[in-house]
Amino acid sequence: MQPFELIRPASVAEATAAFRGDAAFLAGGHTLIPAMKSGLRAVERLIDLGSVPGLAAIGVESDRLWIGAMARHAGVAGSPVVRSAIPGLARLAAGIGDPQVRARGTIGGSVANNDPAADYPAALLALDGIVETSRGTHAADDFFQGMFATALADGELITRIGLRLPDRFAYAKFPHPASRYALAGVAVARFADAVRVAVTGATTGVVRWQAAEAALAAGGPLPEALDHPDLAADLHADADYRAHLAGVMLRRAAAA
Ligand SMILES: Cc1cc2nc3c(=O)[nH]c(=O)nc-3n(C[C@H](O)[C@H](O)[C@H](O)COP(=O)(O)OP(=O)(O)OC[C@H]3O[C@@H](n4cnc5c(N)ncnc54)[C@H](O)[C@@H]3O)c2cc1C
């Protein structure tokens with residue numbers, strides 16, 4: 001690993017002010033540190049968000065559940081507030097990776113990274129999420145822009161995530177047996193005025209599934225498989241298999 005300067009800011013303002021040159025915010029380090037060690041990412045200034053107070057707070061305000069960017073997956077899974085407000089989200093967090101991953105990984109790091117097989121991005125899209133940052137807010141619909149791409153500008157720091165409280169929410173994934181990342185994962189949220197469905201793992205970036213939303217809203221038959229131009233394919237699963245798995249996960253999430 002190349003030498004780097006470690007900065008421990010005491011506030012969001014200090015963290016963003018410290019961002020210059022080849023800088024990176026450090027959350028749990030689960031993606032960033034391996035990328036630095038393998039030389040995929042050169043970082044000269046590492047800004048540790050663990051020293052910023054208040055970034056892991058969880059609470060309900062009006063019609064949204066707000067989760068601080070530094071909330072660990074284990075913290076979300078075990079939070080009485082999350083379990084009461086959106087129980088399916090607590091179950092999603094409990095299904096991420098393994099105990100070590102859940103002890104270090106954060107919702108902010110997951111959302112900023114936007115891995116095409118990550119679980120939280122699907123929940124954000126289905127739950128009509130808001131990504132609050134040091135510069136303003138992004139609707140989840142505009143935030144996720146394909147594989148590892150987001151609307152974040154350089155030096156823009158996620159402070160918290162707001163999720164609209166649904167009448168019902170469920171997430172079903174077919175996990176890769178080693179990493180637990182989704183080969184296909186489907187999140188379904190029902191609100192008084194809408195049904196929103198999002199898919200992760202099966203495509204090259206998280207997406208809404210409009211055909212499934214229309215079918216659930218109308219009470220009609222659900223699509224058997226995901227029909228999408230950007231299906232993912234790799235040595236773990238080909239495109240047809242992922243499209244089929246998405247259909248199976250949709251049924252499981254809808255039934256749950
Ligand atoms: C073995 C293993 C298994 C995993 N399994 C799963 C799984 O089943 N499902 C799943 O969804 N995920 C899985 N993950 C991903 C994991 O849960 C983490 O969410 C992910 O690696 C990001 O890590 P982190 O939160 O530690 O962020 P970091 O690695 O610290 O940061 C990741 C990126 O986000 C940026 N960043 C971090 N926080 C912020 C912020 N607040 N604002 C702006 N930018 C920020 C960093 O600069 C960096 O570019 C797995 C990871 C590993 C290593």
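Local features in the predicted model were considered at pLDDT of at least 70, and side-chain atom pairs only at pLDDT 80 or more, whereas totals for chains, interfaces and linings use all residues. Residues are numbered from 1 along each chain as its sequence is written.

The protein is divided into domain 1 (1–52) and domain 2 (168–255). These bounds come from an automatic or database domain assignment. The centres of domain 1 and domain 2, taken over C-alpha atoms, are separated by 34 Å. Helices (H or I, at least four residues) and strands (E, at least two) are DSSP runs, numbered from the N terminus.

An open sheet of three strands was found, with the order β1-β3-β2 and parallel pairing. From one strand to the next, the twist averages 25 degrees. Strands count as paired if DSSP finds at least two bridges between them. β1 and strand β3 (residues 45–48) run parallel and are joined by three bridges. Glu-5 has Arg-45 as its bridge partner in β3.

Strand β9 (residues 168–175) pairs with strand β10 (residues 182–190) in the antiparallel sense over eight bridges. Phe-174 has Ala-184 as its bridge partner in β10. The two strands, β9 and β10, form a hairpin with six residues between them. Arg-180, in the turn, has a positive phi of about 75 degrees. β10 is joined in turn to β11 by six bridges, and these strands run antiparallel. The bridge partner of Ala-189 in β11 is Arg-196. Four residues lie between β10 and β11 in their hairpin. β11 then pairs with strand β12 (residues 207–208) in the antiparallel sense, over two bridges. Val-199 has Val-207 as its bridge partner in β12. The hairpin of β11 and β12 has six residues between the strands, and Gly-201 takes a positive phi near 85 degrees there.

Burial was assigned from C-beta atoms placed from the backbone: a residue is buried if 20 or more other C-beta atoms lie within 10 Å of its own, exposed if 12 or fewer, and partly exposed in between. Six of the eight residues of β9 are buried, so β9 is largely enclosed by the rest of the structure. In strand β11 (residues 195–200), six of the six residues are buried, so this strand is also largely enclosed by the rest of the structure. Val-195, Val-197 and Val-199 point one way from β11, while Arg-196, Ala-198 and Thr-200 point the other way.

The largest nonpolar core holds 78 residues. Such a core is a set of buried Ala, Val, Leu, Ile, Met, Phe, Trp, Tyr and Cys residues joined through C-beta atoms within 7 Å. Ala-126, Val-186 and Val-199 touch the most other members. β10 gives the most to this core, with seven residues. Domain 1 and domain 2 both give residues to this core, so it lies between them.

The shell around the ligand comprises 31 residues. A residue is near a molecule if its C-beta atom, placed from the backbone, lies within 6 Å of it. Gly-28, Gly-97, Gly-105, Gly-108 and Gly-109 come nearest to the ligand. β2 (23–26), α6 (99–104) and α7 (107–113) each supply at least two shell residues. α7 gives the most, with five. The shell has 15 nonpolar, 13 polar and three charged residues. Here Ala, Val, Leu, Ile, Met, Phe, Trp, Tyr, Cys and Pro count as nonpolar, Asp, Glu, Lys and Arg as charged, and the others, Gly among them, as polar. Domain 1 and domain 2 both give residues to the shell around the ligand, so the ligand shell lies between them.

Most residues other than glycine have a negative phi. Ser-62 has a positive phi, near 45 degrees. Ser-62 lies in the loop between β4 (58–61) and β5 (64–68) and is exposed, with 7 other C-beta atoms within 10 Å. Asn-114 also has a positive phi, near 50 degrees. Asn-114 lies in the loop between α7 and α8 (120–126) and is buried, with 23 other C-beta atoms within 10 Å.

Technical notes
Axes fitted to C-alpha atoms, helices over the stretch in contact; angles between N-to-C directions.
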